[in-house]
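Open the structure in your viewer and keep the selection panel at hand. The tour goes from one chain to the contact between two.

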2 protein chains.
Amino acid sequence: MIYPSKHIEQAVSEVSRLPGIGKKTALRLVLHLLKMNLEEVEKFCSSILLMKKEVKTCAICCNYSDGEKCNICESNARKKKMVCVVETVREVLAIENTGQYQGVYHVLGGVISPVDGVGPEKLNIQKLLQRVESGEVEEIIMALNPTIEGDTTIYYLIKKLEHSQVKISSISRGIAIGSELEYTDEITLARSIATRLPYNYSKEHTEIKANTL
Amino acid sequence: MIYPSKHIEQAVSEVSRLPGIGKKTALRLVLHLLKMNLEEVEKFCSSILLMKKEVKTCAICCNYSDGEKCNICESNARKKKMVCVVETVREVLAIENTGQYQGVYHVLGGVISPVDGVGPEKLNIQKLLQRVESGEVEEIIMALNPTIEGDTTIYYLIKKLEHSQVKISSISRGIAIGSELEYTDEITLARSIATRLPYNYSKEHTEIKANTL
């Protein structure tokens, strides 16, 4: 594409490096920024730079945070003995938005993926093991994405934690509420039959959930 | 949504002001920016600010430009007597990318839209009339979007230009090449029949195009 200005070209090239933003969308965004007031554009840029400089990682759970500890780890209303292991901060936000979970988190920062060169040493696994060793954790809930890499990571963590007394569970996988059996993929459907819950267990499970979440 | 940091919240709020970017996409982009190096983020922001400060408007056609005149108005290879009237710089880029047009442009900066409070005085119409009055323009091609506002603007311009000797045309509207009649909307189809081209005219028209474009 031929741009009317080399500055526009440079800005488009920078903006199109963001995920899911192609050259056409980048141009649309850049032309919108050009139409905004200078003060607004300055505010836009300074808010991004300030965030980049100020946002820290929570010393306990590796969530993003303004201080040394994140809001969740600092809150007294949270059940500190229940730790939900997630891949990134995005999953923390997703679970927080359900408004149902009262425990704390541990952000791994990714999943084990040999293809992408991500081994266990690149993740915040050591910190999780330290939390468990310190005896402050009673239950770990694995909330990783249902992918091969997610399952590999869960398997690795279970192996590492097998000598500890901690209770380990994984969030349930199956048919999403509101979806239709007919259109569910074969793997999910087959697995949801294999891991079916008997009604008694389900009732008990519901009680457990109601008690502990 | 509850954000882990007020700086992230502020950045999400700024990014989500861009067109077509909701809160969820903004969060995705912001978290990506957080993962980038500080130097990369600084380069990202400075390229946007530099663009905002340096990009000028061409004194002749109101296209964006690095200098006083844009590349197109400065080029000697362009036919300066043929002016294509467009709504925004995006249409200039779209037409430039066809590689077929050899004339110059005039960017109106919008279309007449009383509903949105855009009257003729808010557009670069006066500048276009001055270009025509100076006698440097022989033909004007209206390349506005086929909307009510676009047609209103064309009608307004034709009224303003009716005493000048300038030749006025509009880009043709009809069935897009490669599309199917069956799936074309009724208005376009009806109009394309009403404004049908006889084969002779079409041939002549093709010749005209080949000569003048």
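How many helices and strands does chain A have? Chain A has nine helices and six strands; these are DSSP runs, helices being H or I of at least four residues and strands E of at least two, numbered from the N terminus.

A word on the model and its labels. This is a predicted model: local features need pLDDT of at least 70, side-chain atom pairs count only at pLDDT 80 or more, and totals for chains, interfaces and linings use all residues. Residues are numbered from 1 along each chain as its sequence is written, while chains are lettered from A and ligands numbered from 1 in the order in which they are written.

Select chain A. Its C-alpha atoms fill a box of roughly 70 × 45 × 35 Å along the principal axes.

Chain A can be laid on chain B by a turn of 180° and a shift of 0.0 Å along the axis, with an RMSD of 0.1 Å (least squares on the C-alpha atoms of residues with pLDDT of at least 70 in both copies). That is the relation of a two-fold axis. Next, pick Cys45(A). Of the residues of chain A, Cys45(A) comes closest to the rotation axis, at 2.6 Å (C-alpha).

Select the contact. Chain A gives 45 residues and chain B gives 45 residues; two residues are in contact if their C-beta atoms, placed from the backbone, lie within 7 Å. Color α3 (38-54) of chain A. The largest share of the side of chain A that touches chain B, 13 residues, comes from α3(A).
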